[in-house]
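Morning, everyone. Let's take a short tour of one model. Have a look at it first.

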Amino acid sequence: TTTEAANNPHDDVLDIAHRGASGYAPEHTLTSYKMGDRMHGDYIEIDLQMTKDGKLIAMHDETVDRTTDGTGKVKDFTLKQIKQLDAGSWFNEKYPQYANPRYEGLKVPTLEEIFKTFTKNKKYYIETKSPDVYPGMEEELLRLVRKYHINKDTLLVQSFSKESLMKVHELDPSVKLIQLLSYKKHAVLTDQEAADMKKYAVGIGPNFNYLDQAYVQTARQAGLDVHPYTVNEITDMQRLMDWGVTGMFTNFPDKLHRLIKEN
Ligand code: G3P
Ligand code: CA
């Protein structure tokens with residue numbers, strides 16, 4: 001209700017279903033994305049790779065090895081060959097506690113299939129992965145965004161590659177961008193760095209382990225959204241919310257949803 005929302009300072013924290021509800025179902029399958037929706041995830045997070053014949057597919061790794069029954073690089077597979085792979089059985093073997101026979105034989109989805117399934121008003125949080133390996137991936141992404149009339153108010157394009165983000169902006173300045181950042185030790189953000197990123201990005205996605213409250217405050221004061229990844233423990237979610245993050249990536253969108261409602 002309105003009263004609850006007014007009393008809840010964290011009610012607008014975004015719940016980003018990382019690779020779908022990938023704690024419970026095989027990542028980057030339509031099943032995992034649908035589960036993310038049912039668990040009240042606001043955004044579906046999608047990593048992009050590109051096939052030999054130039055189709056964008058949802059997959060995290062540059063090889064199919066970890067998340068399918070095949071081996072080899074995505075760029076050496078045609079879409080037809082990718083479609084022959086089983087993208088679900090690995091999950092049942094790796095996570096017996098969440099195994100489900102209906103995951104066997106799930107297919108790798110194309111971005112086009114995802115847009116057709118969830119339609120234009122779903123909130124999509126799409127990452128250009130390995131843009132150096134896949135020239136033209138930004139053009140193809142934006143072609144599909146246009147073709148399916150994806151609502152750009154609720155679309156976020158993310159990348160670790162600033163170059164890839166700039167390319168997206170050259171092609172379409174109205175797309176909102178998130179700069180991903182990876183740290184290996186205690187993260188420090190200067191006002192200048194934050195201001196520089198604010199010139200092109202609406203927000204940043206840092207890995208959460210090395211952050212502190214000062215980092216989050218600096219980013220927020222520069223007007224940046226802060227969406228740390230990948231936060232799966234409730235104690236970490238709570239700490240980050242208390243520091244003022246505006247959303248987070250999680251494999252367990254139901255846990256974050258409950259926490260946001262409780263706060
Ligand atoms: O996109 C946010 C987060 O997913 C970045 O890391 O490796 O899981 O894509 P990765
Ligand atoms: Ca990602």
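**The calcium site**

Start with spacing: the donor residues of the calcium ion (ligand 2) follow the pattern E-x1-D-x79-E in sequence. Donors here are N, O and S atoms within 2.8 Å of the metal (3.2 Å for Na, K and Ca); water is not among the atoms, so sites may look incomplete. This is a predicted model: local features need pLDDT of at least 70, side-chain atom pairs count only at pLDDT 80 or more, and totals for chains, interfaces and linings use all residues. Residues are numbered from 1 along each chain as its sequence is written, chains are lettered from A and ligands numbered from 1 in the order written, and side-chain values use heavy atoms, with hydrogens and water left out.

Which residues hold the calcium ion (ligand 2)? Glu45 (OE), Asp47 (OD) and Glu127 (OE) coordinate it, at 2.2 to 2.3 Å. Glutamate 45 sits in strand β2 and glutamate 127 in strand β4 (residues 123–128), so the pair ties together parts 82 residues apart in sequence. Strands are DSSP runs of E, at least two residues; helices are runs of H or I, at least four; both are numbered from the N terminus.

Now the lining of the largest pocket. β2 (43–50) and α4 (89–94) are the elements that give two or more residues to that lining. α4 gives the largest share, three residues.
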